[in-house]
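Reader: Could you walk me through this one? I'd like to start with the helices and then move on to the strands.

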Amino acid sequence: MSEPTPNSTIDPDDTIKILVASDIHLGYNEKDVIRGEDSFIAFEEVLQHALENDVDAIILGGDLFHIANPSTNTLNRCSRLLKTYLLGDKPIKLEFLSDQNENFLESLNKTVNYEDPNMNIAIPVFSIHGNHDDPSGFGRISSLDLLSTNGYVNYFGKWTDLTKINISPILLKKGETKMALYGLSYISDARLARLFNEAKVFLEKPEDTDWFNVMVVHQNRADRGPKNYLPEKSLPAFLDLVIWGHEHDCRIIPEENPNKKFYVSQPGSTVATSLAEGEALDKCCGILSIHKSLFRLDPIRLQTVRPFIFESVNMAEYFDELGLDEGDVQQKMQNFAAERIEDMIKRAKEKLTGNEKQPKVPLIRLRLEITDVEQQFNAIRFGQQYSGRVANPQDMIVFKKKITKAKDELKPLDKDALLEAYQNQGKATANRAEEVVDRYFKETDEDKQLELLCSKSMSELTKRMVDYEDDDAADCIIKFYERQVMNHLEGQAVNEDNIDEVLEGFRSKERDTYNDMLKMLDSRNQKGPLATDSTRSNAHDSDEDIDDKPKANSTSIFVPPVTTAGTGRGGKGSRGGRGSRSTAASNSTGRGRGRGRGASNSSSSKIDFFLTHTTKPVVSSRASSRNISKVVYISDEDDDE
């Protein structure tokens with residue numbers, strides 16, 4: 001892909017112009033007298049920029065709403081804004097080339113809204129859903145489904161079958177420029193990581209090479225731990241631009257991925273939903289201009305966003321200057337905080353743009369890093385004196401305790417004891433994993449016992465991960481115990497001397513806590529994240545052997561043989577000889593092993609290429625009625641090396 005080029009060098013009639021935004025969070029804090037209008041004001045400005053710049057379309061990166069079931073007030077405000085700015089007689093120059101029944105499978109009319117004879121769309125909106133407005137409850141309906149039914153939004157990238165993801169692009173053309181738009185709405189990061197590792201994420205790539213490929217995702221981008229984010233290197237190299245939602249700090253200027261060579265644009269949110277440092281950055285939307293294989297993205301700073309100033313101060317640096325070891329510590333801390341707050345309010349005024357709709361009262365967050373609890377004062381009482389001058393006086397100041405003492409050395413897991421527990425299991429129990437874990441904790445040394453979680457919770461976790469393939473169980477159980485511990489600590493005078501005694505009271509309720517955990521897991525399962533036994537067995541009843549699925553650390557290319565008739569599961573195929581990729585495509589042979597499969601009833605001759613150690617797409621020579629070949633890409637952990 002070429003570098004972005006100035007707009008002056010391209011023909012407007014051959015240029016697709018799109019407004020890009022994400023994480024609108026309509027309805028956030030809507031009942032707050034001061035901040036309740038912020039999300040709606042910012043969204044209206046985004047729509048105004050789309051109108052003023054005469055864009056061909058709007059792309060939203062998820063979280064249009066702050067909650068999955070927004071209030072009637074929020075839905076009404078959203079519908080009024082969309083009707084005001086999106087309807088009209090302006091001709092739309094985007095030609096829709098892909099199969100609309102496949103792109104909009106969940107919509108009422110199964111067609112793009114600007115081709116609906118009952119709608120008069122001037123600016124089409126294409127949107128995926130995020131984690132805040134994902135489908136939930138009875139019928140698995142999202143708030144975006146309602147907007148799609150009403151014809152205001154083209155809702156794409158929704159997946160109801162999470163055992164396999166097959167992304168078919170929306171193909172749009174304007175003049176000589178062609179764009180393939182891929183959508184991946186929010187999926188649990190752990191579940192998505194498993195799907196990538198098991199080669200169950202498919203992207204259908206146009207056979208022609210003159211398509212500009214854009215993908216919209218809504219996942220964790222920052223590394224928040226294994227299986228808790230989507231690594232950029234997991235995405236295929238044929239992409240040109242990735243629009244990344246979910247992360248709220250604005251990094252809208254495209255950044256090139258050094259390995260895959262595509263660009264990533266992170267628009268960030270249009271309203272501050274937390275008082276984090278990243279939210280204090282300027283809020284933006286952007287104008288994306290695409291001309292054949294070239295593009296540029298021009299950021300537009302939003303003028304109606306409430307000013308927000310964030311500052312973090314390490315009080316250890318001011319310890320001697322303030323004389324915090326000489327008595328009257330809290331008063332000295334309050335005087336210091338008051339001086340800082342006044343300076344922050346002054347700086348917030350510099351962020352006023354002069355727009356008449358911009359809220360004038362700023363958000364202020366001062367984080368004080370302290371080393372002693374004596375330095376902490378009543379932040380709520382202190383903030384009352386700034387009521388009317390600050391939009392969030394009740395949580396304007398937050399204290400962060402810096403731990404100075406060295407942490408206890410972590411006690412390693414006793415591998416010998418775990419092995420012994422496994423070997424001592426009776427044959428009648430068939431060495432079930434959860435029973436091995438339970439036996440380990442019963443027989444291991446006291447200093448290696450769990451302090452907050454009970455051993456039965458670990459056994460239950462093991463059972464759900466092994467038997468049900470529930471990758472979300474660990475996160476749910478840990479967060480559940482974390483909430484229970486925090487609830488137990490609330491209202492108690494806790495310090496370093498009595499912490500063990502207080503936690504002992506929590507451990508004494510082990511049985512009740514464990515039973516509540518089971519109820520939480522069962523309640524979660526009934527809502528849909530975890531399949532029932534019947535659906536779980538159906539999920540595995542596919543055309544590939546569970547034990548023979550390609551592994552992410554393999555270097556082979558697996559090519560299933562093409563079949564046109566017959567039924568039943570095939571056996572293992574013979575080892576393929578060394579041959580070229582073109583030979584592999586036609587003869588189902590190549591470097592590695594071929595897996596025989598039972599033929600399906602379909603007469604389709606699609607070939608799925610499982611790429612496990614390459615960044616280049618392998619494309620079949622099959623001529624499709626829609627000029628698309630199916631390609632699957634698997635993340636490779638060694639791709640950086």
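Author: What follows concerns a predicted model, taken up by helix packing and then by strand pairing.

Reader: At what angle do the axes of H1 and H2 cross?

Author: The axes of helix H1, residues 38-52, and helix H2, residues 72-86, cross at roughly 15° and come within 10 Å. Because angles under 35 degrees count as roughly parallel, H1 is described as roughly parallel to H2.

Reader: And is the crossing right-handed or left-handed?

Author: The crossing of H1 and H2 is right-handed. On the H1 side the contact is made by Phe40, Phe43, Glu44, Leu47, Gln48 and Leu51, while H2 contributes Asn73, Thr74, Arg77, Leu81, Leu82, Tyr85 and Leu86.

Reader: How many nonpolar, polar and charged residues does that contact have?

Author: The contact of H1 with H2 has 8 nonpolar residues, together with 3 polar and 2 charged ones.

Reader: Switching to strands, which ones pair with S7?

Author: Strand S3, residues 95-96, is joined to S7 by 2 bridges and runs antiparallel to it, with Glu95 standing opposite Lys173 in S7. S7 also pairs with strand S8, residues 177-184, in the antiparallel sense over 5 bridges, and there Leu172 stands opposite Met179 in S8.

Reader: Which residue takes a positive phi in the hairpin of S7 and S8?

Author: That is Gly175, whose phi is near 60°, in a hairpin with 2 residues between the strands.

How values were computed:
Residues are numbered from 1 along each chain as its sequence is written. This is a predicted model: local features need pLDDT of at least 70, side-chain atom pairs count only at pLDDT 80 or more; totals for chains, interfaces and linings use all residues. Side-chain values use heavy atoms; hydrogens and water are left out. Axes are lines fitted to C-alpha atoms, for helices over the stretch in contact, and angles run from 0 to 180 degrees between N-to-C directions. Helices (H or I, at least four residues) and strands (E, at least two) are DSSP runs, numbered from the N terminus. Angles under 35 degrees count as roughly parallel, over 145 as roughly antiparallel, 65 to 115 as roughly perpendicular and the rest as oblique. A crossing is left-handed if the near helix is turned anticlockwise from the far one by less than a right angle, and right-handed if clockwise. Contact means heavy atoms within 4.5 Å. Ala, Val, Leu, Ile, Met, Phe, Trp, Tyr, Cys and Pro count as nonpolar, Asp, Glu, Lys and Arg as charged, and the others, Gly among them, as polar. Two strands pair if DSSP finds at least two bridges between them.
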